[in-house]
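Work through the exercises below with the structure in view. Each task is followed by a solution in steps.

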Amino acid sequence: MLRSLFGRFLGPKLAPPPVLISNNEACRHLRQDQSLAETVFTVIDTELTGLSPRQDEIVALGAVRVQGLSIVAEKTFSALVRPKKGVPKKSTLIHRITPAAVAEAPALEEMLPSFLQFLHGTFVVGHHIGLDMQFLRRACRTAYGVEPQNPCLDTLRLAMIWREERLTSPYDRYDLRISYHLADLAEELGLPTFPAHDALADALQTAYLFVYLANKLATPHTPLAELFALGRSWRWYL
């Protein structure tokens, strides 16, 4: 009885789009013994109405392809999304996306198949990727009852490991001046910089950071499994 009440409140689930089914099948056959140079990565970022996957929503999606440990600038994805609950002022102050900007944008359910097509069968990379994937997985689970199964690498974790390898004193890890914010890392490492809190710009910023860290922690010939062990996010389901 309780389940049927919840079903009426949430509405019926849509049939999973073929691209989600084929994506998950492709992900099951991804090989971790291949080299980084052979691996296709998709670097993603989301802009949100807040940080709670249960209460807040996605308002923008951005992604860029990395292949051969090089950014493929002509392969990008960028879209605004119209959230069901509107855009609160507090989130607009962060990402500058206004209610008017998304008034004519598609709902997330309409946008998901296109975004999943861009992710199709690739390793996903992001800065604090656990948060992005919580929102994406919850959206797919709510809409279709099925989640994308793409394995993920977290550049935040890679940056922490890279910094730990360079510590000259065990007390350096407690230095309050250390920052793992994406913009701060880009400035520290002398990487190209992009406007913050724009989904595509942040995805590009993360892509530059990922390529930099991958080349510092490994080589193009390193098996994917080694970098995956370092950069896996353990926070997907929190």
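**Exercise 1.** State how many helices and strands the protein has.

Solution. The model is a predicted one. Its secondary structure comprises ten helices and five strands.

**Exercise 2.** Compare the radius of gyration of the protein with that of a compact globule.

Solution. Start from the chain length, 238 residues. Along the principal axes, the C-alpha atoms fill a box of roughly 60 × 40 × 40 Å.

**Exercise 3.** What share of the residues counts as buried, and what share of the contacts joins residues at least 24 apart?

Solution. First, 47% of the 238 residues count as buried. Next, take the contacts between residues at least 6 apart in sequence: 74% of these join residues at least 24 apart.

**Exercise 4.** Is Thr92 buried or exposed? Locate Thr92 and list its contacts beyond four places in sequence.

Solution. Thr92 is part of helix 3, which covers residues 89-95. Its relative accessibility is 17%. Buried means under 20%, so Thr92 counts as buried. With neighbours within four places in sequence left aside, Thr92 is in contact with Val87, Ile97, Thr98 and Pro99.

How values were computed:
Residues are numbered from 1 along each chain as its sequence is written. This is a predicted model: local features need pLDDT of at least 70, side-chain atom pairs count only at pLDDT 80 or more; totals for chains, interfaces and linings use all residues. Side-chain values use heavy atoms; hydrogens and water are left out. Helices (H or I, at least four residues) and strands (E, at least two) are DSSP runs, numbered from the N terminus. Buried means under 20% relative accessible area, exposed over 50%, partly exposed in between (1.4 Å probe, protein chains only). Contact means heavy atoms within 4.5 Å. The radius of gyration is taken over C-alpha atoms; the globule rule is 2.2 Å times the number of residues to the power 0.38.
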